[in-house]
Amino acid sequence: MSVSVVPRSARGVVAVLGPTNTGKTHLAIERMLGHKSGIIGLPLRLLAREVYNKISDRIGAANVSLITGEERIDPPGARYQVCTVEAMPETGEVEFVAIDEVQLATNLERGHIFTNRILNMRGIHETMLLGASTMEAALLQLLPGLHIVSRPRMSMLTYAGSKKITRLPARSALVAFSAGEVYAIAELIRRQRGGAAVVLGSLSPRTRNAQVALYQSGEVDFLVATDAIGMGLNLDLRHVAFAQENKFDGYQKRRLTAEEMAQIAGRAGRHTNDGTFGVTANVRAFEDELVEALEAHQFQPHKVLMWRNGSLDYSSLESLMQSFDNISSNQLLGKAPPASDLRALELLSSDEDIRSQCGGQDARRNVQLLWEICRVPDFRKISPAAHGDILARVFMDIAKSGIINNDWFAQQSKLTERLDGDIDALSNRLAHVRTWTYLSNRDNWLENQDYWREKTRYIEDKLSDALHEALTKRFIDRRTSLLMKRLRENAMLEAEISESGDVVVEGHHVGKLHGFRFTADASASGPDAKAATMAAMKALAKEIEKRASRLAACPNSDIVLSDEGTLRWLGQPVARIIASETSILAPEFLLLADEQLTGPALEKVNKRVDRWLANHIENLLRPLVELSRDETITGTARGLAFQLVENLGQIDRRNIADEVKLLDQDARATLRRHGVRFGAFHVFLPLLLKPAPTLLICILWAIKNNRLDAVGLGEIPRISATGRTSVEVDPQFASEIYPLCGFRIMGRKAVRIDILERLADLIRPVLSWKENTPGDKPEGAFGGGKFYVTPAMLSILGATHEDMEQVLSSLGYRSQRHLESEIFPSLSKDKVNVDQPEGNLQETADVKPAEQSEDKAIIDGADEKSDKSTVPAEEPEEPKYVLLWQRHYKPKRHYPNKDRNQGRNSGKPKGGGGKKYPDKASFASRKKPSVSKKPERKIDPDSPFAKLAALKESMKDK
């Protein structure tokens with residue numbers, strides 16, 4: 001439902017607008033103190049506490065009250081009130097009202113509260129709205145007749161570009177948007193400059209003030225904070241650096257708007273002192289348009305303010321929920337999305353006990369109470385359900401007995417009184433106690449309200465002090481300050497090296513010793529860090545000499561070769577393998593060492609690394625090494641051995657077919673003694689297909705070809721080590737690595753070459769089988785040099801029929817499609833009972849007439865006179881096909897004078913009677929007696945085959 005929103009009169013309302021550092025808040029305080037009474041609403045509890053302290057110091061604590069959700073200092077007769085915007089009282093009249101940071105009316109979570117105060121909060125004599133210039137058009141449209149006062153910035157703000165964290169100037173603030181990132185940056189600065197103060201929005205005012213005091217006093221020169229510093233906290237900052245530019249706003253993670261960046265960057269250069277802003281860490285440099293907008297304070301005006309219906313119907317839960325569905329008729333006021341309070345209301349409304357309490361005579365009172373409880377903030381941020389459990393308990397207690405159960409409240413408060421633990425533990429307890437502090441500040445919710453206000457405030461103060469102490473110990477390093485002081489005094493420094501290689505000078509970490517190479521701490525910089533590193537070098541010389549002696553005497557198992565070609569001793573890098581100009585099996589190496597490794601120590605390390613590398617290659621690639629060294633191999637066999645070594649143990653047989661034909665039996669035997677296997681598709685060394693040799697081959701190949709960055713260099717050997725016989729080809733992997741690991745790429749599958757040879761062993765007998773061959777017919781055989789794929793073939797490859805088609809095609813086979821009935825005629829015969837007499841079909845007692853007619857209709861040769869009208873028509877089955885495979889030979893040249901090649905593949909004999917290849921019909925009927933016998937082929941008596949046959953006959957006669 002659309003609601004007409006009528007704001008209160010703009011009479012006496014003035015909007016003071018401008019960028020940061022224009023003195024808007026100071027002006028509001030002065031104007032308020034010029035009246036007899038007044039209220040000022042501020043966006044943060046931290047800022048409210050700061051303003052309260054200023055006013056109380058000026059006019060006395062008895063004249064000013066502080067009212068926030070978690071804190072209430074309200075002396076009787078106080079004329080001025082400092083509040084958070086949410087805690088501003090909506091009743092009572094004062095002479096002056098001020099609302100700070102009114103641009104937050106556009107905030108999705110809290111914006112509707114600021115909009116409500118802009119519309120309804122008025123001072124008797126004066127109302128002041130403070131905010132950014134981007135609100136001018138919206139405020140004029142919302143409050144016609146409003147008086148606008150623009151205030152310029154009192155100092156210049158300039159973009160300083162990008163700088164490393166370690167290069168930022170003193171008196172800088174670094175801004176991030178998560179506690180983890182804030183702590184990480186503060187830790188880094190601690191190592192460099194002695195420490196940093198930390199400010200987060202979740203800190204209590206007591207902890208925040210103590211941290212800010214460290215910075216303001218000059219004890220530390222850096223402040224690491226969230227965007228909490230952007231809301232009016234006045235600090236002596238010269239530079240603001242954005243370490244992050246994205247934040248989670250409660251709905252999504254997004255980049256800060258230009259106006260939000262300006263609010264934070266504007267903290268630099270207070271009063272008349274100019275300031276700078278920039279980026280650091282991994283934040284990219286700001287665009288020129290953004291820099292220009294930040295420096296000139298020119299941003300897009302706001303066009304929509306968040307609004308929520310304030311006229312609520314408490315007659316029932318349903319009525320209350322419907323109240324929030326109303327929208328404003330004013331297009332400037334957009335409906336606010338459900339905030340945490342509405343989400344809590346929806347959660348609690350689903351509880352049957354709560355719904356029961358919100359009915360009956362006390363419905364209105366309990367519904368209003370439920371809504372007030374749902375507005376309790378979720379300080380703990382555990383989960384909506386966990387927060388809802390506390391709210392439900394509080395509501396049930398108050399609804400039934402009028403107050404929160406004292407024992408339960410005392411138990412919950414006691415859990416937070418511990419002061420032990422680290423920063424996270426203390427921060428967690430502080431978040432918990434803020435919930436009990438908030439509840440204790442609600443009127444009439446507790447039996448002894450004053451006691452619990454003091455008690456929870458006492459616990460919060462103790463936790464705040466403990467958290468401040470923990471933050472100081474962690475992020476302000478006195479040892480670093482001492483190191484810098486001693487370096488300036490040119491004092492002798494003590495250096496130590498831990499077992500893990502960490503190098504520490506005077507308790508200050510300056511770097512780490514990796515093997516024989518020292519790496520300085522990346523976070524260290526400046527002359528102080530260089531001096532500390534020089535002091536560490538004296539200790540490094542002795543340590544490196546000790547390590548050289550230990551490496552020279554270590555067992556082989558202490559050294560490993562990593563995938564990236566680095567030799568590691570006990571996990572530490574000591575050398576890098578490089579290609580040699582000779583053989584791939586004899587690589588060289590480059591020691592990873594600093595200048596401190598010299599003389600006898602250097603010689604020890606060189607000899608040990610050289611001996612280990614040669615031994616490692618010889619042990620894993622022994623067949624290749626021995627094949628390359630065997631001088632007894634001569635002739636064609638030596639050439640073949642050379643090719644095997646160059647190809648790292650495997651060759652496609654088609655590429656060396658001529659050489660293999662020229663090998664005699666002695667040469668073959670010599671190569672077989674070295675482990676060479678002559679397969680149908682490959683000539684290879686099976687021992688090199690094991691995981692360890694495979695990985696080493698890949699590394700040596702990558703080093704030789706400068707391909708250590710090849711994708712799949714580490715992954716494919718690991719896949720091979722699992723024992724897979726075939727794998728899916730990953731297009732992202734380098735295709736050269738598959739053969740190195742013993743795989744042959746065949747379509748989308750890569751198959752291990754030894755498995756392909758096993759496949760050849762299965763194919764060989766089925767190809768050679770003929771009709772008149774004695775013994776059982778092997779599975780898959782069809783005759784005529786053709787075969788079909790069997791489950792055994794699929795099993796050894798772990799492949800599908802589709803994969804097998806690509807594999808066989810890659811191996812040089814071609815296929816023809818045939819009907820299944822032609823290949824397996826027995827399958828079609830098994831579908832009917834051809835031995836059953838036709839005349840007895842109707843006499844079968846167990847078969848119903850309709851079923852009998854159906855059975856009879858599908859039997860070949862059934863009575864054609866049967867009544868077919870009772871038989872339902874059946875859909876014909878789709879024909880099934882089977883692929884028959886045969887070798888694909890390249891066509892030979894036709895020689896007219898040689899009739900032995902005439903008529904081949906023509907289907908009928910030509911000339912002198914060539915071989916006849918049957919067509920599909922002859923295949924289907926090959927078992928029928930009508931098939932004629934093949935004509936006998938005349939044998940040339942002078943051919944070698946005829947002489948061999950004669951020799952066999954003569955031996956039989958003997």
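Reader: How many helices and strands does the chain have?
Author: Happy to start there, with the note that this is a predicted model. Of the chain's 958 residues, 46% count as buried. As for secondary structure, the chain has 34 helices and 38 strands.

Reader: Which strands stand at the edges of the open sheet of eight strands, and why is one side of each left without a neighbour?
Author: The strand order in this sheet is β5-β4-β6-β3-β7-β8-β2-β9, and the pairing is mixed.

Reader: Turning to the open sheet of three strands, what is the order?
Author: Two bridges join β30 to strand β31 (residues 682–684), and these strands run antiparallel. Within that pair, Phe678 is opposite Val683 of β31. β29 (650–652) and β30 (677–678) are the edge strands, each with a single partner. The order is therefore β29-β31-β30.

Reader: At what angle to β29 does helix α21 run?
Author: Helix α21 (residues 635–646) lies across β29, β30 and β31. Its angle to β29 is about 110°.

Reader: How many nonpolar, polar and charged residues are in the contact of α14 with α15?
Author: Helix α14 (residues 406–414) packs against helix α15 (residues 423–440) at about 145°, with axes 9 Å apart, and the crossing is left-handed. Trp408, Phe409, Gln412 and Ser413 of α14 meet Trp436, Leu439 and Ser440 of α15. By class, that gives four nonpolar, three polar and no charged residues.

Reader: Why do the buried residues of α29 line one face of the helix, and within what arc do they fall?
Author: In helix α29 (residues 801–810), the buried residues are Asp803, Met804, Val807 and Leu808. Looking down the axis of α29, they line one face because they fall within an arc of 130°.

Reader: Which residue just after α29 takes a positive phi?
Author: The phi there is about 100°, and the residue is Gly812.

Notes: Residues are numbered from 1 along each chain as its sequence is written. This is a predicted model: local features need pLDDT of at least 70, side-chain atom pairs count only at pLDDT 80 or more; totals for chains, interfaces and linings use all residues. Side-chain values use heavy atoms; hydrogens and water are left out. Buried means under 20% relative accessible area, exposed over 50%, partly exposed in between (1.4 Å probe, protein chains only). Helices (H or I, at least four residues) and strands (E, at least two) are DSSP runs, numbered from the N terminus. The arc is that of the directions from the helix axis to the C-beta atoms. Two strands pair if DSSP finds at least two bridges between them. Contact means heavy atoms within 4.5 Å. Axes are lines fitted to C-alpha atoms, for helices over the stretch in contact, and angles run from 0 to 180 degrees between N-to-C directions. A crossing is left-handed if the near helix is turned anticlockwise from the far one by less than a right angle, and right-handed if clockwise. Ala, Val, Leu, Ile, Met, Phe, Trp, Tyr, Cys and Pro count as nonpolar, Asp, Glu, Lys and Arg as charged, and the others, Gly among them, as polar.
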